[in-house]
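I opened my notebook for a look at aromatic pairs and one of the pockets. Here is what I looked up, entry by entry.

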Amino acid sequence: MDILIFVLVIGVAGLVAGLISGLLGVGGGIILVPAFYYVFQGLGYAPEQLMQICVATSTGTIIVTSLRSVTAHHQRGAVSLALIRSWGPFIAIGSVLGVLAAASLRSHELQLIFGGIGVCLGLYMLLGKKSWRLSDSLPGRRLAALYGSLIGFFSALMGIGGGSFTVPLLTAYNVPPHRAVGTSPGFGLLISIPGFIAYLLTGWHLTGKPPGTVGYVNLPAVAMIMVTSLIAVPFGVRLAHQLSPQRLRLVFSLTVLVLAGNMLRKALMG
């Protein structure tokens with residue numbers, strides 16, 4: 001019965017994550033991290049750093065969802081390759097540093113970070129006005145390096161694909177919402193690949209982990225999400241190009257607020 005529950009919940013989470021990845025340009029981690037946490041905890045697996053396992057496993061799944069999503073958006077001409085090349089190295093470095101930071105935290109502390117940052121992002125997207133701008137053009141190389149490093153760091157720390165940061169940031173620099181959403185999964189690849197490798201190489205000291213966990217990464221969950229999310233990503237991409245920018249922004253903000261808010265609530269109550 002435990003195996004059936006695991007397969008059912010993770011499978012549904014993968015479908016939803018794939019849809020959200022294609023729709024919003026995020027890697028799906030904002031859904032997967034809470035899903036992994038509740039499933040593993042419900043099945044009785046409660047190692048000292050359970051949250052780290054959830055974040056690491058989510059990071060592994062983002063590789064495939066981001067690749068599928070950025071490919072689909074690129075076919076529609078919504079991806080800025082120049083941005084990916086420019087910010088990419090700094091994002092990758094920040095991702096590895098984020099893994100090292102996550103490994104040094106307790107599970108409860110990581111929950112607070114995930115929930116707190118997620119709620120702030122959701123509120124910004126929900127309440128922010130269309131007229132809000134940092135600039136009408138993209139930043140120079142020095143500021144781009146800072147942005148890229150911070151995006152990679154906090155994304156790897158939270159197990160997300162970076163879209164929760166890059167979509168609001170790019171739109172604040174006057175990038176059209178659909179182009180911001182389309183480019184974001186390209187950043188997700190540069191976050192998830194080095195982050196996934198780093199998470200595999202850490203966490204070997206941890207006991208009480210779910211079966212199939214290597215380092216901090218639960219490989220069975222990664223495999224299931226890769227299969228189910230790939231089915232849903234194209235539908236999310238199609239829907240993203242049918243929605244108005246205002247509706248896209250609303251869907252993004254409400255999704256983040258509900259999931260991150262619940263994680264923050266549990267962390268504060270625990």
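Before starting, I noted the cut-off for burial: a residue counts as buried when its relative accessible area is under 20%. I also noted that this is a predicted model.

Entry, aromatic pairs. I searched the whole structure and got eight aromatic pairs. I looked at Trp87 and Phe187 and found ring centres 5.7 Å apart with planes at 15°, so I logged the pair as stacked, the cut-off for that being under 30 degrees. Trp87 sits in helix H4 (residues 81–103) and Phe187 in helix H8 (residues 177–201), so this pair ties together parts that lie 100 residues apart in sequence.

Entry, a second pair. For Tyr199 and Tyr216 I read a centre distance of 6.2 Å and planes at 85°, so this one is edge-to-face. Tyr199 belongs to helix H8, while Tyr216 is in the loop between strand E1 (213–214) and strand E2 (217–218), 17 residues away. I found both tyrosines, Tyr199 and Tyr216, to be buried.

Entry, cluster. I followed the ring pairs and saw them link Trp87, Tyr147, Tyr173 and Phe187 into a cluster.

I then turned to the second largest pocket, with a volume of about 160 Å³. Ten residues line it, and Ile3, Phe6, Leu43, Tyr45 and Pro211 are the closest to its centre. Helix H1 (residues 2–24) gives the most to this lining, three residues. By class, I noted eight nonpolar, one polar and one charged.

Terms used
Residues are numbered from 1 along each chain as its sequence is written. This is a predicted model: local features need pLDDT of at least 70, side-chain atom pairs count only at pLDDT 80 or more; totals for chains, interfaces and linings use all residues. Side-chain values use heavy atoms; hydrogens and water are left out. On a 1 Å grid over the protein atoms alone, a cavity is a set of points where a 1.4 Å probe fits but cannot get out, and a pocket is an open set with protein on both sides within 12 Å along at least five of seven lines; lining residues have an atom within 4 Å of a point. Grid points are joined across faces, edges and corners, and a volume is the space filled by probe spheres set on the points. Helices (H or I, at least four residues) and strands (E, at least two) are DSSP runs, numbered from the N terminus. Ala, Val, Leu, Ile, Met, Phe, Trp, Tyr, Cys and Pro count as nonpolar, Asp, Glu, Lys and Arg as charged, and the others, Gly among them, as polar. Rings of Phe, Tyr and Trp (its six-membered ring) pair if their centres lie within 6.5 Å; planes under 30 degrees apart count as stacked, over 60 as edge-to-face and the rest as tilted. Buried means under 20% relative accessible area, exposed over 50%, partly exposed in between (1.4 Å probe, protein chains only).
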